[in-house]
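Work through the exercises below with the model open. Each task is followed by its solution.

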Amino acid sequence: QSCLHVLNLSMSYKAQDNVITIFLTQLQREYDLKLILSSFIKIFKYPIDLAIEQESNIFNFTNNKHIDASRRRAVSTSSHDNSSSSHASLPSSSSAAYHTKPQTKPQLPEIHPLLIPMTILMTNLIDCNKCFQNYFADKFASRFIIFSIYYLKYYDYSSLSSSSSTTRSNSSTTSNGTSNDTSNERSIVELNENSVSQILLPLLNHLLLILTSKKLVLFKMLQTFNLNYYTNNLPNFYKLSNINGDINNLTFRDFTIIQLSNLILDNIKFNLQPNPIFYELIYNLLPINDEILTSSHKNDDSHDDLILLSAKKKSASPSAATSSHTSSSKLSYNAAMSLLYVLSKSSNKVYLTTYATPVFKTKDIPYMISPGFKMDLLALLLRSITIFFTLYFDDAENLLFAMVRHQSITHQINDSINSISKALDMNPNLNSHIMTLKSRKRISNSLFAFQSCVIRK
């Protein structure tokens, strides 16, 4: 419980008068930084290590089943359909195209009870201690990102909030001791799930955006997986199924982009409220190459003060070093196809013109479930791909090849935007409900830049 005491003390007073905060900002010895980081890693990876242990247990017949993150989303969609919605008058977001038969929620190991306070402590340390931020970014950031995606994929309970409340109200007719015990257990479970969804996951989102804005972290994301690490440190249900054993050429960026694409596709499949964090992370991770750290070694205003601490010694041959860097900085074909699949599904006219199912019910119509918000996210994805083509054409050759091979996706995007624009021009009153004028300009500008870039290349 020591991290709880440190956390309480560090947040009890103003920062300038807080002895604990001042002490944390002055931690510089590698031994201290390593001790703090190793303690956090042990707590952070606790449920992941348990999942791996369950898979390797030959006597465990219940938890060795494949875990599908879309099951939770299917349950969420079904719950919204069965409950009365305040957005019933909106364009239908519950068409059969977005629904599947609901399934039971997968059983996952519980998170460590100290994970949330420890994550808050890590967030404060990264914000206030530059030495620890540099140490964290160099030693663990790339793995932290892929494991944070794991939590976002399998521990997002926010979509289950309405279904659990409906079930609880329907099952509260009995008043015996057994039902009371069951309701108490449910309350504890729901409290833990709410803590994960409302505290832990937003913290991870915050850290992911901070870390992926650092050049050192982006450089680390271009490193390839070690075969032994990929085999023994990731649960089987979290591994990629389409890499054909070519793990040594799989970079952390490729893995993350594929997983983020799968999460986006799950939301599109069930027409759930889009998560902008997924698109913003792709925007940060996609347009990079192995020369991103070059400016960090210069005394200019463009670097972010994070230096490479654990550079592995390359071969003395310049050609060997060059080929090593080139192989890791290119976006893989699998990652390119996952992005292309997201473009295909997110530019579907039916999807772009319907309201998404909100995570939380509100009286007002939130913009984040509107078609205009979907347009904004599609524009952001197009912009990230355009920047990647423009700045790092050689590293984007797989993505460009996939785009040329599947030209119909580009035509679909263009047709969908033109069709929606014509419909809005014919009925201007729909603008406030479908999208804002800014959304139309953003998607049009992004599409024009994207098409111009592809044609020019």
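Buried means under 20% relative accessible area, exposed over 50%, and partly exposed in between (1.4 Å probe, protein chains only). The model is predicted: local features need pLDDT of at least 70, side-chain atom pairs count only at pLDDT 80 or more, and totals for chains, interfaces and linings use all residues. Residues are numbered from 1 along each chain as its sequence is written, and side-chain values use heavy atoms, with hydrogens and water left out.

**Exercise 1.** Classify Lys45 and its partner Asp49 in their salt bridge.

Step 1. A salt bridge puts a side-chain nitrogen of Lys or Arg within 4 Å of a carboxyl oxygen of Asp or Glu. Asp49 and Lys45 meet at 3.7 Å, N to O.
Step 2. Lys45 has a relative accessible area of 7%, so Lys45 is buried.
Step 3. Asp49 has 35%, so Asp49 is partly exposed.

**Exercise 2.** Find the side chain that meets Glu397 in a salt bridge, and locate both residues.

Step 1. The partner is Lys330, at 2.9 Å, N to O.
Step 2. Glu397 belongs to helix α19 (residues 397-405), while Lys330 sits in the loop between α15 (318-329) and α16 (333-346). Helices are DSSP runs (H or I, at least four residues), numbered from the N terminus.
Step 3. The two residues are 67 apart, so the pair links distant parts of the chain.
Step 4. Glu397 is partly exposed at 38%, and Lys330 is partly exposed at 28%.

**Exercise 3.** Is Asp32 buried or exposed? Treat its salt-bridge partner likewise.

Step 1. Asp32 pairs with Arg29, with the closest N and O atoms 3.0 Å apart.
Step 2. Asp32 is buried at 16%.
Step 3. Arg29 is exposed at 54%.
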